[in-house]
Amino acid sequence: MTGALDRRSLAALASGHAAADLCQGSVPALIPFLIAQRHYSYAAAGALLLAVTVGSSIIQPLFGAMSDRLALSWLMPVGVALAAIGIAGAGLAPSFALTAAAVAVGGVGVAAFHPEGARYTNYASGARRGTGMSLFSVGGNTGFALGPVLITPAVLAFGLSGTALVALLPAVAAVALALELPHLRARSAHAAARVGGRAGGRDDWASFTRLTGVVAFRSGVYFGLQSFAPVWFIHHFAATEAAANTALAAMLLAGAAGTLVGGRLVDRIGRRAVMVGSMAAQVPLLLAFMLAPDGLTAAVLLVAIGFVTIMSFSVSVVMGQEYLPHRLGIASGITLGFAIGVGGVAAALLGVLADRAGLTTVMWAIAWLPLAGLALAVTLPPTPQERVAARPAPA
């Protein structure tokens with residue numbers, strides 16, 4: 001049983017991941033409403049995304065380093081609870097400063113959850129790391145997708161204060177995750193010892209650094225589209241706010257499906273092949289999206305972009321943990337957090353560019369970003385586990 005998936009633990013971890021990322025995914029969906037109702041500029045809207053990503057992503061390696069040294073499983077339910085407080089406060093805060101503070105607090109909660117969540121997923125996955133991490137990751141992707149699905153009708157019906165209603169779901173999830181902690185600890189104790197015992201070799205920081213760069217460029221594309229694709233549909237295709245956020249939700253849901261497919265492909269064609277293929281497929285799809293003649297065609301292409309972009313999400317976490325076998329927390333914190341946060345910083349800079357050069361310029365900049373990620377991805381070596389799997393069986 002040591003190599004089998006612990007489905008109960010993975011279900012609890014994926015649900016917590018969905019709750020945390022629902023809060024983070026709700027912030028981009030709020031941007032069109034904040035622009036319309038509070039008259040924020042593109043730069044101010046980008047700064048809000050920066051606030052949530054700095055909180056949720058940039059500081060994740062700090063939580064990861066802590067989790068490599070200490071037992072901090074309690075951070076998982078506490079993190080989800082803080083994320084719920086953040087999204088509720090984003091709609092209720094009366095000023096821009098307080099709105100930014102609220103999303104930053106929620107972001108810290110998201111950061112607290114992820115490294116421990118990824119660590120326990122590693123333990124619960126047994127020998128099927130790709131599958132287990134894809135299940136954990138699809139929870140997060142689903143949460144991101146649910147953000148606009150839930151925020152849009154809540155705000156349309158109740159105004160910006162409707163964010164408090166959306167926050168009820170992650171609040172309930174935080175309580176459920178706290179109640180599940182004893183099982184997670186008990187079932188993961190022997191797995192933690194097993195993982196520690198098999199972590200041979202040294203940490204490959206050079207390869208891990210290149211992987212971080214790939215994830216950063218991928219995140220620049222993903223967060224850029226989250227921030228500006230809805231606005232692009234509104235201004236370029238005369239779509240309504242609801243229709244624009246529906247297209248965004250479809251992209252995020254497609255990313256969840258891509259995560260599951262990517263996790264399965266890892267066991268068949270390898271980690272590096274999935275990573276390189278995902279980055280390569282983004283380029284023609286993004287160019288076609290920019291040249292789409294109508295909103296429906298653009299929406300279909302956006303769905304395809306979401307699928308291939310996030311196909312490598314769980315793969316990058318597994319590769320990071322295998323490049324740094326003695327630093328699972330840091331590897332998880334960086335691949336899930338810091339590198340993604342760099343993408344959030346890029347989105348904020350794109351907001352400034354949009355104010356100065358226009359929305360079209362920004363969208364074309366996003367379309368060309370995957371080329372840099374692809375150039376790095378092709379230089380990644382196989383992980384130690386891939387090399388072992390590639391060796392011929394003894395006669």
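Which residues does Asp21 touch, not counting residues up to four places away in sequence?

## Surroundings of Asp21

In this predicted model, Asp21 touches Val110, His114, Gly140, Gly143 and Phe144, with residues up to four places away in sequence left out of the count. Asp21 belongs to helix α1, which comprises residues 7-38. Its relative accessibility is 3%, below the 20% limit, and Asp21 therefore counts as buried.

One of the contacts of Asp21 is with His114. These two residues lie 93 positions apart along the chain, while their C-alpha atoms are separated by 9.7 Å.

## Overall architecture

The chain contains 16 helices and 0 strands. Its radius of gyration is 20 Å, close to the 21 Å given by the globule rule for 395 residues, so the chain is as compact as a globular protein of that length. The C-alpha trace spans about 65 × 45 × 30 Å along its principal axes.

Of the 395 residues in the chain, 58% are buried. Among contacts between residues at least 6 apart in sequence, 87% join residues at least 24 apart. The chain exposes about 14,400 Å², and carbon and sulfur atoms supply 71% of that area.

## Nonpolar cores

The largest nonpolar core holds 83 residues, of which Leu225, Phe233, Phe289 and Met363 touch the most other members. Helix α1 provides the largest share of this core, with 11 residues. Another core, of 20 residues, lies apart from it and includes Leu211, Val276, Met279 and Ala331.

When residues up to four places away in sequence are not counted, Phe289 touches Trp232, Phe233, Ala298, Leu301, Leu302, Ile305 and Met363. Two of these partners, Phe233 and Met363, are named with Phe289 among the core members that touch the most others.

## Aromatic arrangements

The structure holds 4 aromatic pairs. In the pair Trp205 and Phe208, the ring centres are 6.0 Å apart and the planes stand at 85°; because this angle is over 60 degrees, the pair is edge-to-face. Both residues are in helix α9 (residues 205-236), and being 3 residues apart they are separated by about one helical turn. Their accessibilities place them in separate classes: Trp205, at 41%, counts as partly exposed, whereas Phe208, at 2%, counts as buried.

## Helix α4

Helix α4 runs over residues 75-92 and has 18 residues. At 1.5 Å a residue it should span 26 Å, and its end C-alpha atoms are 25 Å apart, which agrees. Helix α4 is mostly covered, with 13 of its 18 residues buried.

## The loop at Ala238

Which loop holds Ala238? Ala238 lies in the loop between α9 and α10, the latter covering residues 241-269. Although Ala238 is not a glycine, it has a positive phi of about 60°. The relative accessibility of Ala238 is 67%, and because this is over 50%, Ala238 counts as exposed.

Notes: Residues are numbered from 1 along each chain as its sequence is written. This is a predicted model: local features need pLDDT of at least 70, side-chain atom pairs count only at pLDDT 80 or more; totals for chains, interfaces and linings use all residues. Side-chain values use heavy atoms; hydrogens and water are left out. Helices (H or I, at least four residues) and strands (E, at least two) are DSSP runs, numbered from the N terminus. Buried means under 20% relative accessible area, exposed over 50%, partly exposed in between (1.4 Å probe, protein chains only). Contact means heavy atoms within 4.5 Å. A nonpolar core is a set of buried Ala, Val, Leu, Ile, Met, Phe, Trp, Tyr and Cys residues joined through side-chain atoms within 4.5 Å. Rings of Phe, Tyr and Trp (its six-membered ring) pair if their centres lie within 6.5 Å; planes under 30 degrees apart count as stacked, over 60 as edge-to-face and the rest as tilted. The radius of gyration is taken over C-alpha atoms; the globule rule is 2.2 Å times the number of residues to the power 0.38. Accessible areas come from the Shrake-Rupley method with a 1.4 Å probe; for residues, only the protein chains shown count as cover. The expected span of a helix is 1.5 Å times one less than its number of residues.
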